[in-house]
Amino acid sequence: MRVPDAGSGAGYWDPDHPVLEILRARRASGSLPGRREDGACVALAVEGGGMRGVVSAAMLSQLEDYGYKNAFDVVYGCSSGGINAAYFLAGETWYPLSIYYDDLTTKQFVDFSRALRRRPILDLSYSFDRVMEQVKPLDYEAVIASPIPLAVPVTDVDALRTVVLRDFAGRRDLKDTLRASAWLPVALPGTVPTPDGRRAVDGGVLTALPFRLAVDDGCTHVLSLSTRPMRAASSGLTLAHRLTGLHLERMRAGLGRGYLAAIRQKRRDQERLRRMRTDPAADAPYVLDLAPLPWMPEVKRHELNQRRLLDGARAAYGIAFCATERRSVELIRRGGIRTMPRLMVVDTENGEPRPDPGPAGRGTARAEGP
């Protein structure tokens, strides 16, 4: 067992973890997708969780800003994590990160009172057809053309299994797949069709954490980005879990039971991820999970407070910075690391709502002290 350096990971992760080592080596060598010489397959697994996706989006922003994007061979993303992953592959990740605190903190997107009127709590048309098409467009073509493939899990309701969709024929296929992966049971009615005709719901229903998909596909190194803090997994099932299970069981016999089994598996996986942070496996696959630190507030799935969302993004960016750049996480606790979003001008009048090209960059982490 390797003992982590208290001056870097401070016991939360091994600063020389094999996943971090290969990311740094690939960045240093300028290694590019499709032209590797190290024989490894490095995956990025991005958790969502509704508005908690602001956490994984901020971590993706740090990976892009510090030159790690081309170190990955494949990216897995589910629900809001899948949307984050798509923006990451398209580029300009810090810009769409602001979607969470600028565009989704509105009752146009989430409104629990709609349930009283027998209407969906979430409005995915607002996010997919308004925000992602007009306000802060996702470049679907760039995602499809990326040398790093995107793998999006959905839950096949009739087959009772998780299916990973990839090799998208065009923007409509990719958009419909991302929508299906984000089709959250209870908050949205029924199912939604995938491009290949499956009845689908949220990809996390039967596989809660996407790192498992990367391991199953034979990836040798997996960087997992989780959105809940690194706390001991709670035991048992909550009332919300049981009610969701009943709802899914009515939708399709066996789906609710599969969902509850997936929640139990998630508890075991979280414990496994905790151990692997500081005690990596002797052989591949190597998995490193980054997440908010135990003492940090948890961003709620339906959080609408802009300040809490922005604070969660700043903290997550700092965590990824400390891990990849070998800086002490104690700097975060005492305020020695401050993540500052840079302002930018966006021209929305001329049909090109993209950042105005100029000297200002995206987010940066400024470290003070050792």
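N305 caps the N-terminal end of helix α12, with a side-chain oxygen 3.0 Å from the backbone nitrogen of R307. Such a pair counts as a polar contact, defined as N or O atoms within 3.5 Å, where within protein one must be able to donate a hydrogen and the other to accept it, and residues adjacent in sequence count only if both atoms are side-chain atoms. The model is predicted: local features need pLDDT of at least 70, side-chain atom pairs count only at pLDDT 80 or more, and totals for chains, interfaces and linings use all residues. Residues are numbered from 1 along each chain as its sequence is written, and side-chain values use heavy atoms, with hydrogens and water left out.

Helix α12 comprises 20 residues, 306–325. From its first C-alpha to its last it reaches 28 Å, close to the 28 Å expected at 1.5 Å a residue; the expected span is 1.5 Å times one less than the number of residues. Just after α12, R326 takes a positive phi of about 55 degrees.

Most residues other than glycine have a negative phi, and most peptide bonds are trans. Two loop residues also have positive phi values. S79, in the loop between β2 (74–77) and α3 (80–90), has a phi near 60 degrees. D167, in the loop between β4 (161–165) and α8 (171–181), has a phi of about 55 degrees. S79 is buried, with a relative accessible area of 9%, whereas D167 is exposed at 74%. Here buried means under 20% relative accessible area, exposed over 50%, and partly exposed in between (1.4 Å probe, protein chains only). A cis peptide bond joins A284 and P285, with omega about 10 degrees; P285 is found in the loop between α11 (255–278) and β8 (286–290).

The protein as a whole has 13 helices and ten strands, which are DSSP runs numbered from the N terminus (helices H or I, at least four residues; strands E, at least two). Its radius of gyration is 20 Å, close to the 21 Å that the globule rule gives for 370 residues, so the protein is as compact as a globular protein of that length. This radius is taken over C-alpha atoms, and the rule is 2.2 Å times the number of residues to the power 0.38. The C-alpha trace spans about 55 × 50 × 40 Å along its principal axes, and buried residues make up 54% of the 370 residues.
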